[in-house]
Amino acid sequence: MSVSNDDENKVFGIVFRTPPKDSTGIPHILEHSVLCGSRKYPLKEPFVELLKGSLNTFLNAFTYPDRTCYPVASTNTKDFYNLVDVYFDAVFFPKCVEDFQTFQQEGWHFKLDNPSEDITYKGVVFNEMKGVYSQPDNILGRAAQQALFPDNAYGVDSGGDPKVIPKLTFEEFKEFHRKYYHPSNARIWFYGDDDPNERLRILS
């Protein structure tokens, strides 16, 4: 049995194959949404609480054109296993698949501040991608990638095109989670000097 040293970094990651069929940004919106509370941790934003109170050395999530990754790291073993537990529960049992408001908050919703003004779109991912699409180098890179790979996941934008994001429905969002966020579609890894038997117990 290995003995854990709390000076060494311990790393965990879970990755799902998440190829999108369009540019509505489902993988990106889901990446944000699963970290907004789960069955075991029904807080509004456990991710934010971890950022404030954890001893983590790394805590984030990433959406790529064909996969979504959830890595965490900590030098403190107890903190590390707590992070792993929060992330496992978040990806497999998120509240967002039953909460339309999380979908609206993280994805898109209508906004009207004044009846005399036009209705606009808002949302965490929607606003983020508006920023991305305002940068010429990002637009050029996306256009080149989509022209080179028009017939697969690289031919659309997994992050979401602001012109297309509002076409995403809550039903499509829930179905994407059901289809891809499953142990049979996951790649999971640990790195560090923590006890391998404890890793297997957590996985089980």
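Author: Two residues are in contact here when heavy atoms of theirs lie within 4.5 Å. The model is predicted.

Reader: Which residues does Asp161 touch, not counting residues up to four places away in sequence?

Author: On the 4.5 Å criterion, Asp161 touches Ser23 and Tyr133. Asp161 itself sits in the loop between helix 6 and helix 7.

Reader: Why is Asp161 called buried?

Author: Buried means under 20% relative accessible area. Asp161 has 18%, and therefore counts as buried.

Reader: How is the packing of helix 1 and helix 7 described?

Author: Helix 1 (residues 26-33) packs with helix 7 (residues 170-180) at an angle of about 80°, and their axes are 10 Å apart.

Reader: What makes helix 1 roughly perpendicular to helix 7?

Author: Angles of 65 to 115 degrees count as roughly perpendicular. The angle of about 80° falls in that range, so the term applies to this pair.

Reader: Which residues meet where helix 1 and helix 7 pack?

Author: From helix 1 they are Ile26, Pro27, Ile29, Leu30 and Ser33; from helix 7 they are Glu172, Phe173, Phe176 and His177. By class, this contact has six nonpolar residues, two polar and one charged.

Reader: How do you know that the buried residues of helix 2 are on the same side?

Author: The buried residues of helix 2 (residues 46-53) are Pro46, Phe47 and Leu50. Around the axis they cover an arc of only 105°, and so they are on the same side of helix 2. Strand 2 (56-59) and helix 3 (77-92) are among what covers them.

Reader: What puts the buried residues of helix 5 on the same side?

Author: In helix 5 (residues 124-132) the buried residues are Val125, Phe126, Met129 and Val132. Their arc around the axis is only 115°, which means that they are on the same side of helix 5. They pack against helix 1, helix 4 (100-106), strand 6 (120-122) and helix 6 (136-148).

Reader: What makes the pair Asp22 and Lys21 a salt bridge?

Author: The rule asks for a side-chain nitrogen of Lys or Arg within 4 Å of a carboxyl oxygen of Asp or Glu. For Asp22 and Lys21 the N to O value is 3.7 Å, so the pair qualifies. By this rule the count comes to 10 salt bridges.

Reader: Why is Asp22 called partly exposed, and why is Lys21 called exposed?

Author: Exposed means over 50%, and partly exposed lies between that and the 20% limit for buried. Asp22, at 22%, is therefore partly exposed, and Lys21, at 67%, is exposed.

Reader: How do you know that Glu175 and Arg178 are separated by about one helical turn?

Author: They are three residues apart in helix 7, so about one turn separates them. An α-helix has 3.6 residues a turn. Glu175 has a relative accessible area of 36% and is partly exposed, whereas Arg178, at 54%, is exposed.

Reader: Are Asp194 and Arg199 buried or exposed?

Author: Both Asp194 and Arg199 are buried. They form a salt bridge, with the closest N and O atoms 2.8 Å apart, which is within the 4 Å limit.

Methods: Residues are numbered from 1 along each chain as its sequence is written. This is a predicted model: local features need pLDDT of at least 70, side-chain atom pairs count only at pLDDT 80 or more; totals for chains, interfaces and linings use all residues. Side-chain values use heavy atoms; hydrogens and water are left out. Axes are lines fitted to C-alpha atoms, for helices over the stretch in contact, and angles run from 0 to 180 degrees between N-to-C directions. Helices (H or I, at least four residues) and strands (E, at least two) are DSSP runs, numbered from the N terminus. Angles under 35 degrees count as roughly parallel, over 145 as roughly antiparallel, 65 to 115 as roughly perpendicular and the rest as oblique. Ala, Val, Leu, Ile, Met, Phe, Trp, Tyr, Cys and Pro count as nonpolar, Asp, Glu, Lys and Arg as charged, and the others, Gly among them, as polar. Buried means under 20% relative accessible area, exposed over 50%, partly exposed in between (1.4 Å probe, protein chains only). The arc is that of the directions from the helix axis to the C-beta atoms.
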